Amino acid sequence: TSSYEQYYQEKLSIAYGENVVFIHTAPVSKKDSWLFVSYPSIVTINHDQGGLSKLLNDSESRWFKPYLAHELAHYYFLTYRTFNSELGDMLQESFSEYLSLKVTKQFINNETYINNINKKLIQLRDKKLTAIKEIKNNSDYGNRNLYVYTYAPIIWLAIEKEIGEDHMWQWLNKLLTVKTKRTDYQFMITTLASVIEEDKLDFIINTYLSNNNSIKNARAVLQ
């Protein structure tokens, strides 16, 4: 995992926290198994002899490595900074998923990266979701998992396409470091405004953050 941590650290310009600890143990029962992450520990409980190395090296690594990258990203979007307001849950989960996609492209392979994006786009087909600007409370997410793990990461990838990777990394740094009492929509826009021009900001808001056709717009730029 050190390569993932180093990547996050360099791109976000924020040092990673404690080293991750891997724990593998066997359950009392013969059939049950568990996998969970509680930073800085990653724990597998099963009877496999290979432990975590098996998940990293065999055919299951295509799902496990992106999962691991997502959980490691929570150091930044949960431990380093906890996000509040009606957008807090979405910001923490969706940016961790966005970072996982970046790691997938950088360290796993482009095929898996593209496949994961396409799976999300398929899940969003014919869906009508509330624009990010219009989220006023948790119920506005509708299907919460679809919104925070699928929809919002697709919107972030589309925004990255529009503003460029460098500006995207700068924005994430601002989201994590700028002091504020509330990490709400206004905070999100203020930090984005600090790294791009005003006309580009207006375009991003109108195309992706306040537009009921944001899925269609994101699909057009990503495919």
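Residues are numbered from 1 along each chain as its sequence is written, and side-chain values use heavy atoms, with hydrogens and water left out. Because the model is predicted, local features need pLDDT of at least 70 and side-chain atom pairs count only at pLDDT 80 or more, while totals for chains, interfaces and linings use all residues.

Rings of Phe, Tyr and Trp (its six-membered ring) pair if their centres lie within 6.5 Å; planes under 30 degrees apart count as stacked, over 60 as edge-to-face and the rest as tilted. By this rule the model holds 19 aromatic pairs. In one of them, tyrosine 4 and phenylalanine 107 are tilted, at 5.6 Å centre to centre and with 45° between the planes. Tyrosine 4 lies in helix α1 (residues 2-12) and phenylalanine 107 in helix α5, so this pair ties together parts that are 103 residues apart in sequence. Helices here are DSSP runs (H or I, at least four residues), numbered from the N terminus. Tyrosine 4 is buried, with a relative accessible area of 8%, whereas phenylalanine 107 is partly exposed at 33%; buried means under 20% relative accessible area, exposed over 50%, and partly exposed in between (1.4 Å probe, protein chains only). Phenylalanine 107 also pairs edge-to-face with tyrosine 7, at 5.5 Å centre to centre and 90° between the planes. That pair again links distant parts of the chain, with tyrosine 7 in helix α1 and phenylalanine 107 in helix α5, 100 residues apart. Tyrosine 7 is buried, with a relative accessible area of 7%. Tyr4, Tyr7 and Phe107 belong to one aromatic cluster, whose members also include Tyr75, Tyr76 and Trp169.

Next come the pockets. On a 1 Å grid over the protein atoms alone, a pocket is an open set of points where a 1.4 Å probe fits, with protein on both sides within 12 Å along at least five of seven lines; lining residues have an atom within 4 Å of a point. Grid points are joined across faces, edges and corners, and a volume is the space filled by probe spheres set on the points. The largest pocket has a volume of about 240 Å³. Two or more lining residues come from each of α3 (61-73), α5 (88-108) and α6 (110-123), and α6 gives the most, with 5 residues. Among the lining residues are Arg62, Trp63, Glu97, Asn115 and Lys119.

The second largest pocket holds about 170 Å³ of space. Here α6 and α7 each give two or more residues to the lining, with α6 giving the most, at 5 residues. Its lining includes Tyr113, Ile117, Leu157 and Glu160.

Helix α7 returns in the packing of α10. In helix α10 (residues 198-209), Leu201, Ile204, Ile205, Thr207, Tyr208 and Leu209 are buried. These buried residues pack against α7 (144-163), α9 (185-193) and α11 (214-222), where contact means heavy atoms within 4.5 Å.

Two loops complete the picture. Most residues other than glycine have a negative phi. Serine 85, in the loop between α4 (75-80) and α5, has a positive phi near 75°. Aspartate 126, in the loop between α6 and α7, has a positive phi near 65° and is exposed, with a relative accessible area of 75%.
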